[in-house]
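Good morning, and thank you for making time for this. I would like to walk you through a few side chains and their surroundings, so please keep the display in view as I speak.

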Amino acid sequence: MLSIVIPAHNEEKAIGAVLDELIEVLEGQKYEIIVVDDGSTDKTPKIVQKKDSIKLIQHHYNKGYGAAIKTGIKNATNEVILIIDGDGSYPVKAIPELLKEADKYDMVVGARTGKEVKIQLYRKPAKWFLSKLANYLAETKIPDLNSGMRIFRRKEVERFLNILPNKFSFTTTLTLAYHTTGLLVKYVPINYYKRAGKSKIRPFKDGFNFIMLIFRTITYFNPLKVFLFVGFAFFLAAVFIFLYSALFSGRFMDVTTIVLVVAAIQTIIFGLLADLVVRRSE
């Protein structure tokens, strides 16, 4: 039994084709499809209503990608849940391959590392940086941090609903939460196509928010990792200023150097205390 949750906001150009392909690929299986219309102003809900056996839930206004998924999860009747976007960018035909791994892992993610991946060029540097930062803080290699196609179980994802955001960072937070709590995640390479319609991601603003989100999520589960990172950055800055002052100013002890060293020590101590609090609450 599978519940498929599709968050949709102004996806009239693709939602019909996505639903038709889902019905075709899942023929012979027991499933339900839930489309959460997140305040669309186009024909998205009308297109969904014309499809047989599709459950449509509507938000009266645009709450966000994550909020739509949360609504779908809360209204799903099955334990195993698959999420997929309604813009036609994810390969519906890859679902059976993901389902093969669902019994062995806590979450199966369709990693956009296949032979055909259409990601805008201007998004690749930010995506690379965010991936490297997340890999370091989560202490594992994450092939795709925020893929919108994945399978998980309700009982596990419900543990994190209170910290999962309502916007696009839902999947990023979910990925980090699973890795930092020791849950098993499997990445299956998939293709990623050019979406139908206009992307709703704002590169600069959302990029900064993703960075803050990564730090916040890791701090929530593994604070020492973040505090050590910041403390080490303070220490490196102190060393740089000390060497610069000694070589070019003739001063071996600079006030800035002392302040940075103290800040580094305090940051690490705070990290140790925060880590103890997290461990005691587990």
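Let us begin with Val48, which in this predicted model touches Ile15, Leu19, Val35, Ile54 and Leu56, if we leave aside residues up to four places away in sequence. Val48 belongs to helix α2, which covers residues 44–49, and its relative accessible area is 1%, so it counts as buried, the cut-off being under 20%. Gly16 is 32 residues away from Val48 along the chain, and yet the C-alpha atoms of the two are separated by 6.8 Å.

Now to the aromatic rings, where the count comes to two pairs. One of them joins Tyr90 and Tyr192 in an edge-to-face arrangement, with 5.1 Å from centre to centre and 65° between the planes. Tyr90 sits in the loop between β4 and α4, while Tyr192 sits in the loop between β7 and α8, so this pair ties together parts that are 102 residues apart in sequence. Both partners are buried, Tyr90 with a relative accessible area of 6% and Tyr192 with 9%.

The pair of Phe160 and Tyr178 is tilted, because the ring centres are 5.7 Å apart and the planes stand at 50°. Here Phe160 comes from the loop between α6 and α7, and Tyr178 from helix α7 itself, 18 residues apart. Phe160 is buried at 3% relative accessibility, and Tyr178 is buried at 0%.

Methods:
Residues are numbered from 1 along each chain as its sequence is written. This is a predicted model: local features need pLDDT of at least 70, side-chain atom pairs count only at pLDDT 80 or more; totals for chains, interfaces and linings use all residues. Side-chain values use heavy atoms; hydrogens and water are left out. Helices (H or I, at least four residues) and strands (E, at least two) are DSSP runs, numbered from the N terminus. Buried means under 20% relative accessible area, exposed over 50%, partly exposed in between (1.4 Å probe, protein chains only). Contact means heavy atoms within 4.5 Å. Rings of Phe, Tyr and Trp (its six-membered ring) pair if their centres lie within 6.5 Å; planes under 30 degrees apart count as stacked, over 60 as edge-to-face and the rest as tilted.
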